[in-house]
Amino acid sequence: MAEEPDAGVSSRAQRKALSKAKILQRESEREVFRLVGRVLKKPEAERSEEEAAALLLHRDTVEELCKRQVRRNVLKRKQEEVFDGADELKSKVRQLAVAVKQASHFVVYTGAGISTAASIPDYRGPNGVWTQLQKGRAISSSDLSKAEPTLTHMCIKMLHKEKLVKHVVSQNCDGLHLRSGLPRHALSELHGNMFIEVCMSCSPVREYVRLFDVTERTSLHRHGTGRKCSNCGGELRDTIVHFGERGTLEQPLNWRGATEAAKMADVILCLGSSLKVLKKYTSLWCMSRPASKRPKLYIVNLQWTPKDDLAMLKIHGKCDDVMRLLMKELNIQIPAYNRTDDPIFSLATPLRPEEMESHSREIIAPPDGRDESSDDPEEQKTTSVQGGWFGRGYGKGRQKKKKVV
């Protein structure tokens, strides 16, 4: 019995010694990495004999640091924006125009890059949301409801009207495809629409289109907008699909339309999408078919995408520039966006009197210029966007705050 305390002390001493040894080993490894790193930064001709000997002694560390540098260089190249020269751009667009004319079922996939001309930041560009977050920078707030359909949106709408584009699959939540006049049956908004809230308690699901961003109070796994269904009194929720969530709403996501379009497509044009998210949706790429039986892929993006090697053609240009040239090649006039023709005004459901103070987002002014949000000038002040689909709602990997008991 007298030996038990000594055994306990001995065991603790062994654990402490082992822990100390691991700490010293890690510190020693860090020092070796620092030493080798400093030497590798020097030109070979400027290295001393001792430094050259250190590289020979720590070959594994040298190899690891070289691999890391290669990975950094590859990542840097993938993030760089590349612009085709004017003549090359025109040549590539002519090839795209031939493909569009010859296609029997032409489908367009769109990403954040088609909305940058509307002053909506993308995600992975030099000034994109993810890029800024990775650099530890804050994301500036803006009122996204002020954005209007871009030239690219209007071109796509016109191509559909001319029966060239059969379907549009969009990752964007900004509602600009809908506002351009593109029919809803020809549109799949895979990640939702910031102007639409729904009642899941009603059968079928009841939809409310609003003239303001409904995501003010919503975020990842929190979709209640704070308003109630006028039919059943159930809580309304937004339609946004955040990272880590699975979209199940029939509309506006329209997955059925997207998958059917992909099955029938013989040409797919990807506009302004990094494809890092879209590539995970296997139903959109027909990868189960032999390569010769898959849709021909055309990509318009300034940066690398994971589908570049599979594309028939990669065009390095801004979406508006490419679409302007394409419409010229197809001899189709580009319609200008006209607020009077914006479908959102005819689709929108007005707020009830008791709901007027349920949000602080600016309301899109109707074509006659009247602001139906409120007569109170205090309520008409523009407020910066906090949270919702573009703010904290898209905070990838955001940690939930622990509740203080």
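The model is predicted, so local features need pLDDT of at least 70 and side-chain atom pairs count only at pLDDT 80 or more, while totals for chains, interfaces and linings use all residues. Residues are numbered from 1 along each chain as its sequence is written, and side-chain values use heavy atoms, with hydrogens and water left out.

Let's start with the record. An unreviewed UniProt entry lists C199, C202, C229 and C232 under "binding site"; UniProt positions are given in the numbering used here, feature names are shortened, and annotations may be inferred rather than shown by experiment. The four span 34 residues in sequence, yet no two of their C-alpha atoms are more than 8.6 Å apart, so they gather at one spot.

C199 sits in strand β4 (residues 196–199), and C229 is in the loop between β6 (224–228) and β7 (235–238). Helices (H or I, at least four residues) and strands (E, at least two) are DSSP runs, numbered from the N terminus. C199 is buried, at a relative accessible area of 0%, and C229 is buried too, at 3%. C232, in contrast, is partly exposed at 41%. Here, buried means under 20% relative accessible area, exposed over 50%, and partly exposed in between (1.4 Å probe, protein chains only).

Contacts (heavy atoms within 4.5 Å) link these residues. Not counting residues up to four places away in sequence, C199 touches V205, R206, C229, C232, G234, E235 and L236.

For C232, the nearest cysteine sulfur is that of C199, 3.4 Å away.

## A buried histidine and a helix

H316 is found in the loop between β10 (313–315) and α9 (319–329). At 18% relative accessibility, H316 counts as buried. Leaving aside neighbours within four places in sequence, its contacts include V82, F83, D84 and K92.

In helix α8 (residues 255–264), the buried residues are G257, A258, T259, A261 and A262. Their cover includes the strands β1 (106–110), β2 (165–170) and β3 (187–189).

## Aromatic pairs

A search of the whole structure finds two aromatic pairs. Rings of Phe, Tyr and Trp (its six-membered ring) pair if their centres lie within 6.5 Å; planes under 30 degrees apart count as stacked, over 60 as edge-to-face and the rest as tilted.

| Pair | Centre to centre | Angle between planes | Type |
|---|---|---|---|
| Y109 and W285 | 5.4 Å | 80° | edge-to-face |
| W255 and Y281 | 5.0 Å | 90° | edge-to-face |

Y109 lies in strand β1 and W285 in the loop between β8 (267–271) and β9 (296–300), so this pair ties together parts that are 176 residues apart in sequence. Both Y109 and W285 are buried.

W255 belongs to helix α8 and Y281 to the loop between β8 and β9, so their pair joins parts that are 26 residues apart in sequence. W255 is partly exposed at 24% relative accessible area, and Y281 is partly exposed at 22%.

Key. A disulfide is a pair of cysteine sulfur atoms within 2.5 Å.
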